[in-house]
Amino acid sequence: MPVRTPDPDPREPDDDGSGRDPLGGAAGNPGWLSDVELAEARRRLPMLYVEAVPVRTDGVGAVTEVGILLRSTPVGEISRTIVSGRVRYGESVRDALFRHLENDLGPMAFPMLPPQPSPFTVAEYFPIPGVSAFHDDRQHAVSLAFVVPVTGTCEPRQDALEVTWMPPEEACSDALAAEMEGGRGTLVRLALASVGALR
């Protein structure tokens, strides 16, 4: 199943409420690419993404639940996924991670991000199936993947329809992996293995 991490609608306001200029990126935001610029960049360069596997932990830090998003694409397809999105020019990885967590999980999710977050893996998505465990038919993307504990209330926004909290064993099941886009089931397994949540 091809990955469909959404790009914002250029007619919608940017994260800060300002409008986007369809030919020049976001108004006042030179770090945002227009649709034409994005298509050209994707054709020529690997794109940098951040991905987050949201988790709930117990009092000693052990993962008790994993948050999996139900997402709708612009063409009406429904799939399971994790928090994901591009890093903007001039934006730190931490800021990009926080922005995408807030966009997908809502402002009251309260992610616990350290000052210098370290990814548990680097995933490479290729437009040609079979090159790696990860596939994105639009582009070559390099993704820094993180496990992020969240402590607040998650109210999905934008194209995320809901977040389903499930035990680690269910999040790593073959059935769920089959519903996830672009090989992200493998990424969830790697995430949980990195924090010792797989038995």
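Predicted model: local features only at pLDDT ≥ 70, side-chain atom pairs only at ≥ 80, totals over all residues.
Residues are numbered from 1 along each chain as its sequence is written, and side-chain values use heavy atoms, leaving out hydrogens and water.

**The other salt bridges**

The structure holds nine salt bridges. Next, select Glu40, Arg43 and Arg44, which salt bridges with shared partners join into one network. Within this group, Arg44 pairs with Glu40, and their closest N and O atoms are 2.3 Å apart. Because they are four residues apart in helix α1, about one helical turn separates Arg44 and Glu40. Arg44 counts as exposed at 58% relative accessibility, whereas Glu40, at 32%, is partly exposed.

Then move to Glu51 and Arg184, whose side chains form a salt bridge at 2.4 Å, N to O. This pair links distant parts of the chain, since Glu51 belongs to strand β3 and Arg184 to helix α5, 133 residues away. Both Glu51 and Arg184 are buried.

**Strands β3 and β6**

Colour the model by secondary structure to show five helices and 10 strands; helices (H or I, at least four residues) and strands (E, at least two) are DSSP runs, numbered from the N terminus. Select β3 (residues 47-57) together with β6: the two run antiparallel and are joined by four bridges, where pairing calls for at least two DSSP bridges between strands. Tyr49 has Arg86 as its bridge partner in β6. Along β6 (residues 83-86), Val83 and Gly85 point one way, Ser84 and Arg86 the other way, and all are buried. In a regular strand the side chains alternate between the two faces of the sheet.

**The nonpolar cores**

A nonpolar core is a set of buried Ala, Val, Leu, Ile, Met, Phe, Trp, Tyr and Cys residues joined through side-chain atoms within 4.5 Å. Select Val66, Ile68, Ile82, Ala171, Leu187, Val188 and Leu192, the members that touch the most others in the largest core, which has 25 residues. Elements giving two or more residues to this core are α1 (35-44), β3, β4 (63-72), β7, β9 (141-149) and α5 (184-194). Another core, of 18 residues, lies apart from it, with Ala52, Ala109, Val148 and Cys154 among them.

Centre the view on Ile68 and display its contacts (heavy atoms within 4.5 Å). Not counting residues up to four places away in sequence, Ile68 touches residues including Arg80, Ile82, Glu162, Met166, Leu176 and Val188.

**A loop residue, and the whole chain**

Select Phe110, in the loop between α2 (93-105) and β7 (121-126). Phe110 has a positive phi of about 50° although it is not a glycine, and at 43% relative accessibility it counts as partly exposed.

Finally, show the whole protein: of its 199 residues, 44% count as buried. Among contacts with a separation of 6 or more, residues 24 or more positions apart account for 66%.

Note on methods. Buried < 20%, exposed > 50% of the residue type's maximum accessible area, 1.4 Å probe, protein only. Salt bridge = Lys/Arg side-chain N within 4 Å of Asp/Glu carboxyl O.
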